[in-house]
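User: I'd like a close look at one part of this protein, please. Pick out the sheet and walk me through it.

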Amino acid sequence: MLIETRNLTKQFGGLTAVKDVDFEIEKGKINAIIGPNGAGKSTFFNLVSGSYIPTSGQVIYRGKDITKLPPNKIAELGVARTFQTTNLFEQATVLDNVIVGHRLRTKYNLLDAVLRTKRYKKEEKKCKDKAMEVLDFVGLTNITDQLAGNITQEEKKRVAFALALATDPEVVFLDEPAAGINSGETEGLAELMKKMVKRGITVCLIEHKMQMIMKLADKIMVLNYGEKIAEGSSEEIMNNQDVIEAYLGGDASA
Ligand SMILES: Nc1ncnc2c1ncn2[C@@H]1O[C@H](COP(=O)(O)OP(=O)(O)OP(=O)(O)O)[C@@H](O)[C@H]1O
């Protein structure tokens, strides 16, 4: 296990968005979180990646309590995430967008940048090499010089993956990676997630596309009204009565 949540709870005023959730994110696996709209999936992501401080409960990463660490510290420990919509710098190239993502890990300071010291130039080169490497990994070497504003939705999704990978994460949280793309493109992204796992990266995703999840995920947690109602393999989840009821009338077939 890589990340563990213990009794994780988040309240917004009188609303409990995530309630007492115990979950183990398995190392080297594709872990998925599903649930009807408003079930608390994004809130759960925000708690684990440090964007929200929980009302109570803990997040343990490799045995260390990271519950109250700020997002940048959590990122430095090897936890990366993507967002439902990726805000790219539309007027910059794909390559430059990814280079910016990699700066998180670089060691030069402002003075280095102003004086263009050796260290700065060395780090610049490292950033560029890393960006090219991750763009190759996600299959975008052919569009590195295009403006981000001109690329397709599917390519933007791949850039979002590249941005997450540029920080050399141990685990990536993907928030609805296949939203807004067609089924052929969805297959492509699923393949990319498998490739990430083969590379040793642990994946945790939220996704509404059930078919994709059922084929892809090694482990699934189902949230409903903030509570974990089921956890297990695709088969276990598909046959779980509580899950079937939670989805009745919902968009389980989306
Ligand atoms: N910052 C916030 N302030 C107040 N309420 C919030 C906040 N964020 C989420 N909520 C509420 O918490 C509940 C869970 O929301 P959340 O976005 O985590 O669900 P979700 O499962 O990700 O939904 P969706 O599938 O629609 O994205 C919802 O009732 C939502 O309105």
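In what order do the strands of the open sheet come, and what is the pairing?

Analyst: Keep in mind that this is a predicted model. The open sheet is built from 6 strands, in the order 6-7-8-3-9-10, and its pairing is mixed. On the edges sit strand 6 (79-81) and strand 10 (227-232), each of which pairs on one side only. Going from one strand to the next, the twist averages 15 degrees.

Let's zoom in on the strand 6 end. Strand 6 runs parallel to strand 7 (residues 171-175), and 3 bridges join the two. As a general point, strands of a sheet pair through backbone hydrogen bonds, in either a parallel or an antiparallel way.

Helix 1 (residues 41-48) lies across strand 3 (30-34), strand 6, strand 7, strand 8 (202-206) and strand 9 (219-224). Relative to strand 7, helix 1 runs at about 150 degrees.

Zooming back out, the protein chain has 10 helices and 10 strands. Its radius of gyration is 19 Å, close to the 18 Å from the globule rule for 254 residues, so the chain is as compact as a globular protein of that length. The C-alpha trace spans about 60 × 40 × 35 Å along its principal axes, and 39% of the 254 residues count as buried. As for contacts between residues at least 6 apart in sequence, 70% join residues at least 24 apart.

How values were computed
Residues numbered from 1 in each chain as written. Predicted model: local features only at pLDDT ≥ 70, side-chain atom pairs only at ≥ 80, totals over all residues. Helix = DSSP H or I, 4+ residues; strand = E, 2+ residues; numbered from the N terminus. Rg over C-alpha atoms; globule rule 2.2 N^0.38 Å. Buried ≥ 20, exposed ≤ 12 C-beta atoms within 10 Å, placed from the backbone. Contact = placed C-beta atoms within 7 Å. Pairing = 2+ DSSP bridges. Axes fitted to C-alpha atoms, helices over the stretch in contact; angles between N-to-C directions.
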